[in-house]
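I opened this entry to look up a metal site and the parts of the chain around it. My notes follow in the order I made them.

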Amino acid sequence: MPSTSIEDFRGILSNARNILVVSGAGLSAASGIATFRGQGGRWRKYDASILATLAAWHENQSRVWQFFHYRREEVRSKRPNDGHYALARMCMPKWRRTVAPNATIVHVTQNIDGLCLEALDELSSASEEPPDGTIIEMHGNLFDVVCTAFDCDYRAKNMDYPICPALGGTEAIVAAGNVEPVVRRADLPHCPKCQQLLRPDVVWFGERPKQIQRILEAADSADLCLVVGTSSLVQPASKLPERVHANGGKVAVFNLEPNTNHSDEADFEFVGPCESEIARILGV
Ligand code: BJW
Ligand code: ZN
């Protein structure tokens with residue numbers, strides 16, 4: 001049985017040399033963003049995990065773009081919560097010195113909402129010392145786009161509302177009881193460099209996660225792994241704690257519910273809302 005002792009956990013934390021955080025949708029739940037597999041994990045009548053695939057994209061680019069347009073608008077008004085800020089404080093030397101003075105930190109998030117980085121940017125701009133921790137958005141970011149042409153290297157941040165005129169308003173159409181509109185391919189977002197179709201720069205099933213080599217290296221050197229708000233159903237993120245455990249590191253799981261996918265490697269388990277538990281248990 002994993003331990004629930006805060007005192008024992010803090011002992012491990014204070015001696016840690018390399019901390020790996022693996023976070024998921026539960027971290028953003030308190031910001032009002034639906035988790036992937038929980039309630040609200042369907043969009044219109046479609047399962048979100050079916051739409052986040054290359055097959056769905058090839059079958060219906062209009063629908064997949066409407067799905068991501070909807071998600072961009074869902075996230076645009078949302079703010080980081082106390083869980084994001086607590087983990088961001090771990091990337092600020094001033095805070096980390098108080099709880100894990102000898103540690104480096106790499107925070108790998110599966111979330112594409114940008115809130116982990118937003119929290120860190122906020123803390124950095126209010127601090128004299130720059131951050132020295134790293135945040136990696138392994139599944140990409142909702143506001144990044146990439147050209148689909150194999151011989152074009154265009155990729156960019158795009159915060160426009162709407163991203164193209166034809167998608168404007170589609171986020172509300174079906175919710176209001178109307179039939180799903182069909183946006184013609186020619187009216188979807190196109191590359192300013194080569195005029196081919198753009199796609200959201202997010203990682204769909206079967207695609208290689210961003211910065212995977214760096215993530216695996218961080219897992220191999222970690223002696224403590226914090227697993228925060230993820231169902232641990234999606235690889236390779238779900239396998240990172242196992243990797244840390246196999247190298248002799250400790251694993252602490254933070255989730256609203258007991259997470260049975262880490263029963264073999266969890267040394268600590270803290271069941272509760274991560275927006276309050278992270279700060280309370282880490283002491284940041
Ligand atoms: C709270 C809380 C609160 C709530 N406090 N907690 C068979 C066929 C084909 C593929 C595969 C296969 N078997 C394995 C694969 C690989 C596949 C995979 O894992 N599939 C499984 C489903 C079986 N993986 C991939 O294809 C990945 N790529 C890959 O493996 O490449 C090969 C490779 C590996 C390594 C090196 C080189 C190459 C890519 C996966 C891409 C996943 N993409 C998505 C969509 C991104 C865009 C988008 O968002 O639309 O990412 S899927 C979706 O799941 C999204 C999420 O990031 C990801 C994880 O979900 P997450 O975060 O865990 O959310 P939930 O909703 O599942 O869980 C929320 C949790 O929070 C719950 O536990 C709650 O209890 C908790 N919670 N409130 C604390 N307040
Ligand atoms: Zn292009």
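I set the cut-off before reading any accessibility: a residue counts as buried under 20% relative accessible area, as exposed over 50%, and as partly exposed in between. By that rule cysteine 152 is buried, because its relative accessible area is 14%. I also note that the model is a predicted one.

Entry: the zinc ion.
I looked up which atoms coordinate the zinc ion (ligand 2). They are the SG atoms of Cys147, Cys152, Cys191 and Cys194, at 2.3 to 2.4 Å. I then checked the geometry and found angles of 97 to 114 degrees among the four donor atoms, which makes the site tetrahedral. For reference, the ideal angle for four tetrahedral donors is 109.5 degrees. Along the chain, the donors of this zinc ion have the spacing C-x4-C-x38-C-x2-C. Cysteine 147 belongs to strand β6 and cysteine 194 to the loop between α9 (170-173) and β8, so this pair ties together parts 47 residues apart in sequence.

Entry: the record.
I compared the site with UniProt, where an unreviewed entry carries the annotation "binding site" on Cys147, Cys152, Cys191 and Cys194. These positions are spread over 48 residues of sequence, yet they cluster in space, with a largest C-alpha distance of 9.1 Å.

Entry: the cysteines one by one.
Is cysteine 147 buried or exposed? I read a relative accessible area of 8%, so cysteine 147 is buried.
I placed cysteine 152 in the loop between β6 and β7 (155-157). Not counting residues up to four places away in sequence, cysteine 152 touches Cys147, Cys191, Lys193 and Cys194.
Cysteine 194 sits in the loop between α9 and β8. With a relative accessible area of 25%, cysteine 194 is partly exposed. Leaving aside neighbours within four places in sequence, I list Cys147, Ala149 and Cys152 as the contacts of cysteine 194.

Entry: the sheet.
I followed β6 into its sheet, which is open and has three strands in the order β7-β6-β8, with antiparallel pairing. β7 and β8 are the edge strands, each pairing on one side only. Neighbouring strands of this sheet are turned by 40 degrees against each other on average, direction ignored.
How many bridges join strand β6 (residues 140-147) to β8? I count four, and the two strands run antiparallel.
Helix α5 (residues 61-76) lies across β6 and β8 and runs at about 140 degrees to β6.

Entry: helix α8.
Last, I looked up the buried residues of helix α8 (residues 115-125), which are Leu115, Cys116, Ala119, Leu120 and Ser124. They pack against β1 (18-23), α2 (26-29), α6 (82-89), β4 (104-109) and β5 (134-137).

Notes
Residues numbered from 1 in each chain as written. Chains lettered and ligands numbered in written order. Predicted model: local features only at pLDDT ≥ 70, side-chain atom pairs only at ≥ 80, totals over all residues. Heavy atoms only, no water. Pairing = 2+ DSSP bridges. Donors = N, O, S within 2.8 Å, 3.2 Å for Na, K, Ca; no water. Tetrahedral: all angles 85-135°; square planar, octahedral: opposite > 155°, others 65-115°. Buried < 20%, exposed > 50% of the residue type's maximum accessible area, 1.4 Å probe, protein only. UniProt positions renumbered as here; feature names shortened; annotations may be inferred. Contact = heavy atoms within 4.5 Å. Axes fitted to C-alpha atoms, helices over the stretch in contact; angles between N-to-C directions.
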